[in-house]
Amino acid sequence: MHTDGACRGNPGPGGWGVILRAAGTEKELCGGELQTTNNRMELTAAIRGLQALKVPCRVHAYTDSEYLRAGMTEWLPQWKRRGWRTAARKPVKNEDLWRSLDELVARHDVHWHWVKGHAGHPDNERADALANRGLDSRLQAETAQ
């Protein structure tokens, strides 16, 4: 699973993109929101990708978001122990999405990998293009109304 999020302005309109690949098949997903942040779109991409899996799977999740990778591999257990508070005792930002992602990850065997963004990694570039497509589609839908 390759994921990416995009935002024009932060906050501003945003999009998310996912590439799922298994057993020689691929699926692309994307979407967007009118008012969001880049971090929320990064989390949403991972959530939507995991939601698309029909059975428990071993997942290698690739992201250019250190926020997402570190959140899942380092910070999440501490936040949960502290009642969804940071080390500074402040509420965890994007708690709703972190909780959703935590539930989804519990159904699978997920291994998180960080890749450098905008550095020519083909699947990361495709996920970025999907995120921007999702953002543009959402903006077009809004102006069509």
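Reader: Which residue does R126 form a salt bridge with?

Author: R126 forms a salt bridge with D123, and their closest N and O atoms are 3.8 Å apart. The term stands for a side-chain nitrogen of Lys or Arg within 4 Å of a carboxyl oxygen of Asp or Glu. This is a predicted model, where local features need pLDDT of at least 70 and side-chain atom pairs count only at pLDDT 80 or more, while totals for chains, interfaces and linings use all residues. Residues are numbered from 1 along each chain as its sequence is written, and side-chain values use heavy atoms, with hydrogens and water left out.

Reader: Where do R126 and D123 sit, and what separates them?

Author: Both are in helix α4, three residues apart, so about one helical turn separates them. Helices (H or I, at least four residues) and strands (E, at least two) are DSSP runs, numbered from the N terminus.

Reader: Is D123 buried or exposed?

Author: D123 counts as buried, at 15% relative accessibility. R126 is partly exposed, at 29%. The cut-offs are under 20% relative accessible area for buried, over 50% for exposed, and partly exposed in between (1.4 Å probe, protein chains only).

Reader: What does E42 touch?

Author: Not counting residues up to four places away in sequence, E42 touches D4, G5, T63, D64, S65 and L68. Contact means heavy atoms within 4.5 Å.

Reader: D4 is on that list. Where is D4 found?

Author: D4 is in strand β1. D4 is buried and has no salt bridge; R8, the nearest side chain of opposite charge, is 11 Å away. Leaving aside neighbours within four places in sequence, the contacts of D4 include E42, D64, G15, W16, N124 and D128.

Reader: Now the helices. What is the angle at which α2 and α3 cross?

Author: Roughly 95°, and the axes of helix α2 (residues 66–81) and helix α3 (residues 95–105) come within 11 Å. Axes are lines fitted to C-alpha atoms, for helices over the stretch in contact, and angles run from 0 to 180 degrees between N-to-C directions. The two helices are therefore roughly perpendicular. Angles of 65 to 115 degrees get that label; under 35 is roughly parallel, over 145 roughly antiparallel, and the rest oblique.

Reader: Which residues make the contact?

Author: From α2 they are Y67, L68, G71, M72, L76, W79 and K80, and from α3 they are W98, L101, D102 and V105. These divide into eight nonpolar, one polar and two charged. Ala, Val, Leu, Ile, Met, Phe, Trp, Tyr, Cys and Pro count as nonpolar, Asp, Glu, Lys and Arg as charged, and the others, Gly among them, as polar.

Reader: What about the backbone: which peptide bond is cis?

Author: The one from N10 to P11, with omega near 15°. P11 is in the loop between β1 and β2.

Reader: And what is the phi of A23?

Author: A23 has a positive phi of about 50° although A23 is not a glycine. A23 lies in the loop between β2 and β3 (25–36) and is exposed, at 86%. R89 also has a positive phi, near 65°. R89 is in the loop between α2 and α3 and counts as exposed at 65%.

Terms used: Lys, Arg positive; Asp, Glu negative; His and termini not counted.
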